[in-house]
Each structure stands twice: as structure tokens, then as C-alpha cells.
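Please examine the sequence and the structure shown here before reading further.

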Amino acid sequence: MLLHLSDLHFGTEKQECLDAIAAFCREHEPEVIVVSGDLTQRARFTQFYSCKQFLDSLGIPYMVIPGNHDIPLYHLWNRFFSPFVRYQFFFGALEPTIETEHFYVIGVNSIRRRYHTRGYISLEQIQKTNELLKRGPAHKLKLVTLHQPFYTPPDEPHGIKDCPVLGRMALNNWSKSGLFGVLHGHLHKTAVYDLNQIYDLQAAHPVYDIHAGTATSYRLYKSLPNSFNVIFKDGQVQHYWFDSNLRQFVLQPAPIEKLSDHK
């Protein structure tokens, strides 16, 4: 299984959630952990350090990509001239790729100063990611992770208009190269949507937009609990929410999204 975490926001983290994630990993031994951005609250050195210490302590291969909170907000010099210097000091590459027995995951950095909230994907990133998808093993679940989502429903304050700049072009390309789904955070709520239907991509299979909530922060969306996703090798997606009474993450009984026709 793949454990999909997001929006850890170290600096606002809840120790009980960190402990519960560690317990979940000891019990289930995920194949890989993917964190889709916002590792910190204010991109401070101590926050990155704490995040790195926590992820390393889990003893499971992991990959991370930056979120909009992972570049300085108040230190304007660093924000404009070296926005990722602290992030890279601790985590290295901004766009890593990780391959395990059942998963092939490509990281895309969608964070730009001018598109701080919405996000941006360049033509170069689209082409590079497309080539990586084409070269990826056909028998493994191919995923792309970036911070901002490609879709939220119309009753939310974002919606399809807030898709990252050049996002639709990216999807048109990636969906033809075996993409199963895109892992996101940013909105602090869980959801799964079929982008193939929403954008009429005309792909031969669903392309899923998989949103994760905030796994560890007290900055919750409309009082929703902390949460994370689990993705299985067959494409099944499960949502886990934190139960404050049990002090552990529990599987939600809501409908489980599952890929049955992705080839």
C-alpha cells in the first residue's frame, strides 16, 4: 500500500496525530509514503528539521514535494531570490521520482511566487513528466503528485477555474501516457474525482484527482478531522480519519473509490 499524507504544517502539528501515524505505519508497513506538500507552516528551519526527523523515524521510503507554505512568507529576500533553499537543504530535489514494487510516483513542483495559492505547471514540466510516465513500468500504478488540486466542486470557493495554470494541458498529455491519478493536498479535505469525465480528456480510463486532508495540523477545514489516504496496488483508495477518543486513524465507512477498468 501507499500512504498518502499531506499538509503536515509542522509548527502547528498535533503530537497525537504524529503518534497515530507512527502506530499505523508499524501495524500496516506501507510500501511507500508520499507527502503532497505543505510540510511546514512558515518554512522555518526548525519546522523543516522537525518534519524531516518525523518522516525519517517512520523507517519507510518516502518522497515529498513542496507546498505553498514551504516558501518564506515574511522573509522577502529569500522569498524572491531563494524560496526553496531551506526545503532543499533538508529534502533535496524539488521534483523527485520514486519507484517501488507496485507504485511509480513522479513529483512536480507547482509552487511559484506569482501563483502562490493556485499553482503553476510549465511546458517543460509537462513534457518531462510525460516522458517519465511513458518510461514508467506498465504494470505499476503510475501517479503524479503536486500540491494544488486540479478540481474542487462548484459549491466550494475554488472549482475548476482554480486548476493550476496549464493544468488542463498537463492532463491532456499525461492521461494518454498511463497516468492513474494525481495526489494533492492544499484544501485540507479528502475527495476523489474522475478528471477524465470532468475535463473530457477522452482517455481510455479514469484519471483520478485524489485529495488528502491535513494529516497532522490543527488548521482543519470546517472542523473536519485530520486524515490521510491509503492507495492499494489495484487502485483502491481508502480514507482514514483521526478519532480523538481512540487516538488513532480509523477507516471511514464511506464509499471506497476503486479502479476496476484502468489498464
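**A guided reading of the model**

Ala 43 is located in the loop that joins S2 and H2. In these names, H marks a helix (a DSSP run of H or I, at least four residues) and S a strand (a run of E, at least two residues), numbered from the N terminus. The model is a predicted one, in which local features need pLDDT of at least 70 and side-chain atom pairs count only at pLDDT 80 or more, while totals for chains, interfaces and linings use all residues. Residues are numbered from 1 along each chain as its sequence is written, and side-chain values use heavy atoms, with hydrogens and water left out.

The phi angle of Ala 43 is near 55°, a positive value in a residue other than glycine. Most residues other than glycine have a negative phi. Ala 43 counts as buried because its relative accessibility is 1%; buried means under 20% relative accessible area, exposed over 50%, and partly exposed in between, with a 1.4 Å probe and protein chains only. Glu 29, in the loop between H1 and S2, also has a positive phi, of about 50°, although it is not a glycine. Glu 29, however, has a relative accessibility of 62% and therefore counts as exposed.

The next subject is strand S5. Five of the five residues of S5 (103-107) are buried. In a regular strand the side chains alternate between the two faces of the sheet. In S5, Phe 103, Val 105 and Gly 107 point one way, and Tyr 104 and Ile 106 point the other way. S5 pairs with S4 (97-99) in the antiparallel sense over three bridges, where pairing requires that DSSP finds at least two bridges between two strands. These two strands, S4 and S5, form a hairpin with three residues between them, and Glu 99 has Tyr 104 as its bridge partner in S5. With S6, S5 pairs in the parallel sense over five bridges; here Val 105 stands opposite Leu 143.

Which elements do the buried residues of helix H5 pack against? They pack against S4, S5, S6 and H6. The 13 residues of H5 should span 18 Å at 1.5 Å a residue, and the end C-alpha atoms are 19 Å apart, which agrees; the expected span is 1.5 Å times one less than the number of residues. The buried residues of H5 are Gln 125, Ile 126, Thr 129, Asn 130, Leu 132 and Leu 133. They cover an arc of only 165° around the axis, which puts them on the same side of H5; the arc is that of the directions from the helix axis to the C-beta atoms. On the other side of H5, Leu 123, Glu 124, Gln 127, Lys 134 and Arg 135 are exposed. Thr 129 illustrates the buried side: its relative accessible area is 3%. Leaving out residues up to four places away in sequence, Thr 129 touches Ile 106, Val 108, Val 144 and Trp 174, contact being defined as heavy atoms within 4.5 Å.

A nonpolar core is a set of buried Ala, Val, Leu, Ile, Met, Phe, Trp, Tyr and Cys residues joined through side-chain atoms within 4.5 Å. The largest has 35 residues, and those with the most contacts inside it are Leu 5, Ile 21, Phe 91 and Phe 228. Elements that give two or more residues to this core are S1, H1, S2, H2, H4, S10 and S11, and H1 gives the most, with seven residues. Apart from it lies another core, of 23 residues, among them Ala 170, Leu 179, Leu 201 and Val 207.

A search of the whole structure finds 15 aromatic pairs. Rings of Phe, Tyr and Trp (its six-membered ring) pair if their centres lie within 6.5 Å; planes under 30 degrees apart count as stacked, over 60 as edge-to-face and the rest as tilted. Phe 48 and Tyr 87 form an edge-to-face pair, with 6.1 Å centre to centre and 85° between the planes. Phe 48 lies in H2 and Tyr 87 in H4, so the pair ties together parts that are 39 residues apart in sequence. Both residues, Phe 48 and Tyr 87, are buried.
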